[in-house]
Amino acid sequence: MQCSVREYRKGVLNKIYFAVQQGYWKDPYIQFLVKAGERKAPEINRGYYARTEGLRSLMRQFLKLTHCACQIVNLGAGFDTNFWLLKDEGLLADVFVELDMRAVTSRKCHMIRTRSKLLEPVQASHGSEPVVIEDAELHSTHYHIMWADMRDLKQVEEKLGQVGLDKNKPTLFLSECVLVYMPLDKSNSLVKWAGTNFSSALFLNYEPVNMGDRFGHVMVENLRKRTCALAGVEACQSLETQKARFLSNGWEGAAAMDMMSVYRSLPADDLHRIERLEFMDEREPLQQLMDHYCIAWAWRDVNKIGLESIGFNR
Ligand SMILES: C[S@@+](CC[C@H](N)C(=O)[O-])C[C@H]1O[C@@H](n2cnc3c(N)ncnc32)[C@H](O)[C@@H]1O
């Protein structure tokens, strides 16, 4: 069973908003997509910081490498604000597409339509004609939100075809806490389709890892009790299984790092800044949390544009 929209909004978004309110990173847009922040322990906030900054660092590297002449496809994007944040940094991809279930895209489109701080930047990047928001979808020059059930590959292909996604253009796929909710055969088909159809592609995947140990079992059980069954947890056993899902599905190369390693590779001055935001008396809960999430990334670079060079300083 999928996590409900309400569960996700309550579970993830409120925590992200709380971390933003504490000053971990800047996101002037999240406040328009969420009702209230939910107070969380410092290790949770640091975990969200590593996730957000880690993924954004890889996205920035891709956008700079391709001079933004590229496409970004956020699979199961939810209420992600990267379109606005990257645009503000001058990193606007030619095409930025978000896919999610209809209940989610409908809610997000409604929020964009009714909140000028969200709509105006989309309109500004579009031109004089009004941005089209209808049928739970948004279409503009650079930014598209579309609904699709990603377990249905035909539907995904059809939707992405509608916005003219170009298989010869550098393309970044992002899935953040998404594949784990899909049955493994379905997520594998999606990963394989991306890895065999696009000549220059990068896939970024943030997910649980080390789910076979005691802490992992408790995590899975807690989520199950909240009706969030992790149908694809088998791929989340280790960094090796996370890489293997790409290497056995058409990708040329893959890498994976646990979140403590990602955290330590982020800019030292920023780490110093965020570590002074909240006092943390014990380090063990942070280590435990960070050991159970990872970023895995994979590349296919037929045209040799340098995708293999994207990664973290270790
Ligand atoms: C935990 S949320 C993560 C959302 C977002 N990526 C983030 O990190 O904030 C998982 C998202 O995946 C979407 N999702 C899960 N299975 C899906 C499917 N089969 N098709 C489309 N979206 C799906 C959910 O609707 C939800 O928005």
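Guide: Two strands are said to pair if DSSP finds at least two bridges between them; strands (E, at least two residues) and helices (H or I, at least four) are DSSP runs, numbered from the N terminus. The model is predicted: local features need pLDDT of at least 70, side-chain atom pairs count only at pLDDT 80 or more, and totals for chains, interfaces and linings use all residues. Residues are numbered from 1 along each chain as its sequence is written, and side-chain values use heavy atoms, with hydrogens and water left out.

Visitor: Which residue stands opposite Trp-297 in β9?

Guide: In a regular strand the side chains alternate between the two faces of the sheet. Here, Ala-255 stands opposite Trp-297. Strand β8 (residues 253–258) pairs with β9 in the antiparallel sense over six bridges. Strand β7 (residues 200–208) is also antiparallel to β9, over nine bridges, and Tyr-206 has Ile-295 as its bridge partner in β9.

Visitor: Why is strand β9 largely enclosed by the rest of the structure?

Guide: Buried means under 20% relative accessible area, exposed over 50%, and partly exposed in between (1.4 Å probe, protein chains only). Strand β9 (residues 293–301) is largely enclosed because eight of its nine residues are buried.

Visitor: Which residues touch the most other members of the largest nonpolar core?

Guide: In soluble globular proteins, nonpolar side chains tend to be buried together. A nonpolar core is a set of buried Ala, Val, Leu, Ile, Met, Phe, Trp, Tyr and Cys residues joined through side-chain atoms within 4.5 Å. In the largest, of 77 residues, they are Leu-138, Tyr-143, Leu-204, Ile-295 and Trp-297. Helix α2 (residues 42–65) contributes the most, eight residues.
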